[in-house]
Amino acid sequence: MKNPLVILVGLVFLCIFVPVVVSTTLYDDVEASNQSDEINIEKQNENESKELINYESVDKDAPTIKVYNHIKGISESMNIETYLYGVLAGEMSAKFDIEALKAQAIAARTFVIYKKENPNSSGHKNSVVCTDYKHCQEYKSYETLKETNGSQWMEEYYTKIKEAVDSTKGQILVYNNKAILPLYFSTSSGKTENSEEVFSNQYPYLKSVDSPYDGESPKYTSQITMSKSEFINVITKNYPSITLNSNSLESNIKILSRSEGGSVSEIKVGNKELTGVNIRSIFNLNSANFEIKFNDDDVIFNIKGYGHGVGMSQWGAQGMAEEGFLYYEILKHYYTGTDIKDLY
Ligand SMILES: [Zn+2]
């Protein structure tokens with residue numbers, strides 16, 4: 001027969017112990033479910049960004065393309081991604097933020113796919129792209145980069161370039177599920193340009209947008225001063241039908257209209273109307289976004305930005321990256337209405 005005291009102690013023990021165990025377990029459960037809530041929120045965010053990027057979780061080998069080497073004068077077969085290392089190294093400073101470099105890598109990759117899908121626009125008989133920056137995109141081979149920059153640069157910056165290309169492997173910009181023409185340029189004036197106001201073609205994704213973070217660019221503003229006679233010489237050399245003289249110069253030059261992005265559209269020069277692009281080209285200005293001032297002897301151009309102004313501003317992308325924007329946010333900002341698609 002058991003001692004009633006033992007039974008009593010046992011009951012007291014149970015009364016204290018069981019509720020503690022139960023409440024601890026419940027508390028643990030609550031904590032656990034809170035944790036899983038947190039994980040769910042993180043996962044939701046991840047999914048949101050995946051939807052934004054439109055990943056298709058494909059992991060195929062990158063295609064090989066023919067690249068026309070304009071220096072050697074031959075077409076070479078290259079893996080797209082390897083070709084892109086050389087483009088990124090040529091087109092953007094490797095000192096830029098990794099997110100800006102990733103945005104540039106996707107723009108450069110999209111350019112290749114666009115040329116592939118629109119062979120009539122390529123301008124090369126047997127190649128998708130060429131290595132001439134004036135025609136397609138700048139390209140610098142591994143050997144050239146090592147030779148010009150040295151092995152320390154290669155270790156630090158070629159690795160960074162590779163990371164930007166590798167981490168966005170296969171991703172391109174699409175509009176209506178088709179590769180876009182991803183124009184880009186160095187520095188905006190604070191706003192980009194509508195494509196149709198600079199080039200003849202209109203593209204729904206190359207629209208004028210604000211570009212507020214270009215201020216760090218060394219070419220954000222520039223100035224060119226020349227004598228009035230020099231100015232007149234350049235004009236009449238290129239447009240012989242225009243007559244100007246230095247005494248009445250100021251009253252014979254008038255900016256008539258500007259684009260949405262701020263560039264000069266029409267400018268009256270003597271008896272003729274020219275475009276801002278005409279003036280940019282003959283005076284070698286950084287952009288067509290300029291003002292003209294006159295003093296007694298000289299003509300002064302005050303210029304904003306560098307490049308044609310259409311699509312992504314590289315310095316603007318760098319500024320956005322420094323502000324904490326991610327590569328797909330940068331791309332979606334500059335290329336209106338586009339999505340990122342993972343091709344391979
Ligand atoms: Zn080309």
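**Core packing and sheet arrangement in the predicted model**

Leaving aside neighbours within four places in sequence, A103 is in contact with M312, A317, Y327, I330 and L331, two residues being in contact if their C-beta atoms, placed from the backbone, lie within 7 Å. The model is predicted: local features need pLDDT of at least 70, side-chain atom pairs count only at pLDDT 80 or more, and totals for chains, interfaces and linings use all residues. Residues are numbered from 1 along each chain as its sequence is written.

A103 belongs to the largest nonpolar core, which holds 59 residues; such a core is a set of buried Ala, Val, Leu, Ile, Met, Phe, Trp, Tyr and Cys residues joined through C-beta atoms within 7 Å. A residue is buried if 20 or more other C-beta atoms lie within 10 Å of its own, exposed if 12 or fewer, and partly exposed in between. The members that touch the most others are L84, L88, A103, I106, I330 and L331. Helix α3 gives the most to this core, with 11 residues. A second, separate core has seven residues, including V264, I279, A288 and F290.

Helix α3 covers residues 98-117, and 17 of its 20 residues are buried. From first to last C-alpha the helix reaches 28 Å, close to the 28 Å expected at 1.5 Å a residue, where the expected span is 1.5 Å times one less than the number of residues. In the chain as a whole, 37% of the 344 residues count as buried. Of the contacts between residues at least 6 apart in sequence, 67% join residues at least 24 apart.

The secondary structure comes to 10 helices and 14 strands; helices (H or I, at least four residues) and strands (E, at least two) are DSSP runs, numbered from the N terminus. Strands pair if DSSP finds at least two bridges between them. Strand β1 (residues 64-69) runs parallel to β3 and is joined to it by two bridges, with Y68 opposite C130 in β3. Axes are lines fitted to C-alpha atoms, for helices over the stretch in contact, and angles run from 0 to 180 degrees between N-to-C directions.

Another open sheet has three strands in the order β8-β9-β10, with antiparallel pairing. Its edges are β8 (253-258) and β10 (272-275); each has a single partner strand, so one side of each is left without a neighbour in the sheet. The twist averages 25° from one strand to the next. Four bridges link β9 (residues 264-269) to β10, and the bridge partner of V269 in β10 is K272. Elsewhere, β11 (residues 290-294) and β12 (residues 298-304) pair in the antiparallel sense over five bridges. These strands form a hairpin with three residues between them, and F290 stands opposite I303 in β12.

Y335 lies in the loop between α10 (327-334) and β14 (339-342). This residue counts as buried because it has 30 C-beta neighbours inside 10 Å. Not counting residues up to four places away in sequence, Y335 touches L173, I180, P182, Y205, G311 and M312. The C-alpha atoms of Y335 and V174 are separated by 9.5 Å, although the two residues are 161 residues apart along the chain.
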